[in-house]
Amino acid sequence: MGIYLNPGYTGFEEIRRDVYVDKTGLILFMNSLIGKPKPLISFSRPRRFGKSFDANMICAYYDKSCNSRFLFEDLKIAEEKKSFEQHLNKYNVISFDVTGFIGDSKDNGTDIVWNIKNSLLEELRDAFPGCISDGEKNLGKALYAVVSKGNARFVFVIDEWDALFREYKDDEQLQEDYILFLRSLFKNKDTTSRTIAAAYMTGILPIKKYGTESALTDFREYSMSRPGRLAEYVGFTEAEVKRLCVEYNMDFSDMQSWYDGYSFSRIKHVYSPNSVMNALLEEEILNYWTQTESFESLKKYIEMNMDGLRDAVVLMLGGQRVQIDVSTFQNDIISFRDKDDVLTLLIHLGYLAYDHRKKEVYIPNREVAEVFQSALKGGKWKPVEQAISNAEKLLDATLCGKSDIVAQALETVHEECSSVLTYNDENSLACAIYIAYYTAKNYYKIIRELPTGKGFADYAFIPGRDTDKPAMIIELKYDKDAETAIRQIHENRYDGDLKKYFGNLLLVGINYDKNAKGASAKKHSCVIERV
């Protein structure tokens with residue numbers, strides 16, 4: 001057992017003592033690739049999404065220097081008996097975290113690739129004496145020498161593979177040396193297939209692209225924008241979170257509003273694993289994202305001077321989705337051509353979720369929405385920041401039935417926040433309403449177009465368990481009047497989720513009149529009725 005060679009099962013054993021969700025199906029997928037072309041996987045995800053957990057799990061399963069059966073025999077993988085037995089503890093494992101080598105660098109990063117290669121060679125020589133010649137400096141050839149002497153093939157597990165591209169984003173020579181090292185290791189036609197049974201590489205960014213071509217073409221790539229068959233391993237699924245909530249006596253609806261929101265074609269509801277685990281262990285629903293990520297890292301991206309980026313961010317803050325093309329992103333943090341590249345990076349960082357079918361991007365949940373709210377402070381977003389800071393006062397005015405104050409406040413928000421949008425567009429009004437009531441999500445579940453008896457309410461505010469505030473229905477009208485909006489709410493009836501709120505329900509009708517003229521003309525009107 002070494003630092004990098006055959007590290008054993010200790011890391012996974014510690015994980016199993018804590019909150020644990022069975023993700024051993026990922027190993028079954030890897031097993032299915034062994035012995036076939038391209039048994040190499042790159043699976044990128046944001047921080048807090050369990051990458052290192054999976055790396056420890058994979059090491060423990062394949063490592064031939066230990067007997068880890070007891071850690072897996074009650075898990076999903078053991079149900080597939082043939083695959084489970086065939087590969088359990090059958091390979092030499094080489095595992096390393098690139099960030100560790102960055103921390104040990106003494107020469108501004110230029111020695112990192114050399115240190116990785118020579119640290120692995122040193123452990124191989126110690127573990128397999130007489131197999132590798134003293135003068136051998138090629139890691140691929142050294143591995144081949146070990147296997148050719150009758151030793152088991154290798155499984156590689158590389159964590160934070162992309163750290164060099166993030167930490168040394170301007171050092172093109174270092175990046176090129178690193179890619180050449182990986183290519184020589186995984187793309188040698190004479191030795192790779194004979195020495196490497198499988199590889200699992202994980203990080204935040206997908207594999208770097210040069211133009212439209214991946215720098216490591218032999219890897220099967222899975223990411224936040226294209227998770228494919230690995231979608232259920234991106235984070236926790238809804239079924240897994242429901243089971244955890246029952247086990248730990250937590251309210252599922254709170255967990256859902258705070259940590260759900262990532263959605264893929266195969267799995268519709270994916271939760272941030274770190275946040276769910278912290279909520280369970282601390283027995284409290286909070287924003288755990290802020291403990292591991294700086295608001296400044298988001299701010300520097302959303303304040304970039306890209307055409308259309310500000311419009312897109314305002315729309316998403318307003319609860320809407322934005323069309324995006326993710327194909328031009330070069331999988332680094334400097335090669336931005338347009339707003340789509342910036343938004344694609346935010347998908348990979350976990351700040352945004354991506355609907356692959358509709359090619360739309362959006363803010364996934366309340367936890368991340370709070371990160372956006374904090375990132376707006378003290379930056380270039382004064383109108384939006386001001387609207388959000390006044391949201392609590394607007395909600396109080398609404399609950400008190402002060403329709404004139406509400407109308408004036410909404411007019412200000414609509415005017416200022418829509419300056420970069422099409423002001424006379426109905427979606428612009430809906431966006432302004434959502435921003436104006438931004439902090440209401442602290443008390444309500446806000447639903448856009450909730451089905452009613454005969455139609456849809458534009459916005460429904462469903463009170464949370466721990467608030468005594470009334471439910472609200474907001475109906476928007478365009479070039480009509482607020483009374484018409486109220487009348488439509490009555491005509492459509494408020495069935496379903498709102499039935500239990502009779503007697504404690506506010507109806508809010510809001511109209512925008514684009515043709516109102518004169519300094520004293522009111523473009524926005526509001527009527528508030530308590531049922």
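1. **Basis.** Residue numbers start from 1 along each chain as its sequence is written, and side-chain values use heavy atoms, with hydrogens and water left out. The model is predicted, so local features need pLDDT of at least 70 and side-chain atom pairs pLDDT 80 or more, while totals for chains, interfaces and linings use all residues.

2. **Overall fold.** The protein chain has 24 helices and 17 strands. These are DSSP runs numbered from the N terminus: helices are H or I of at least four residues, strands E of at least two. The C-alpha atoms fill a box of roughly 90 × 45 × 35 Å along the principal axes. Of the 531 residues, 56% count as buried, meaning under 20% relative accessible area with a 1.4 Å probe, protein chains only. Take the contacts (heavy atoms within 4.5 Å) with a separation of 6 or more: 70% of them join residues 24 or more positions apart.

3. **Main core.** The largest nonpolar core holds 117 residues. A nonpolar core is a set of buried Ala, Val, Leu, Ile, Met, Phe, Trp, Tyr and Cys residues joined through side-chain atoms within 4.5 Å. Tyr 62, Phe 72 and Tyr 437 have the most contacts inside this core. Helix α23 (residues 426–436) gives the largest share, eight residues. Leaving out residues up to four places away in sequence, Phe 72 touches several residues, among them Phe 12, Ile 27, Met 57, Tyr 61 and Phe 84.

4. **Second core.** A separate core has 44 residues, including Ala 142, Phe 156, Phe 165 and Leu 174.

5. **Helix α24.** This helix spans residues 482–492. Its buried residues are Ala 482, Thr 484, Ala 485, Ile 486, Ile 489 and Asn 492. At its start, a side-chain oxygen of Asp 481 comes within 3.2 Å of the backbone nitrogen of Glu 483.

6. **Largest pocket.** About 1,700 Å³ of space lies here. The lining has 49 residues; Gln 256, Ser 257, Lys 445, Ile 446 and Ile 447 lie nearest the centre. Elements supplying at least two lining residues each include α14 (252–259), β13 (444–451) and β14 (456–463). By class, the lining has 20 nonpolar, 13 polar and 16 charged residues.

7. **Second largest pocket.** The volume is about 600 Å³. There are 27 lining residues, with Glu 221, Ser 223, Ser 225, Arg 226 and Val 326 nearest the centre. β7 (220–222) and α18 (339–348) each supply at least two of the lining residues.

8. **Pocket terms.** On a 1 Å grid over the protein atoms alone, a pocket is an open set of points where a 1.4 Å probe fits, with protein on both sides within 12 Å along at least five of seven lines; lining residues have an atom within 4 Å of a point.

Notes
Points joined across faces, edges and corners; volume = space filled by probe spheres on them. Nonpolar A, V, L, I, M, F, W, Y, C, P; charged D, E, K, R; others polar. Buried < 20%, exposed > 50% of the residue type's maximum accessible area, 1.4 Å probe, protein only. Polar contact = N/O pair within 3.5 Å; in protein donor to acceptor, adjacent residues only side chain to side chain.
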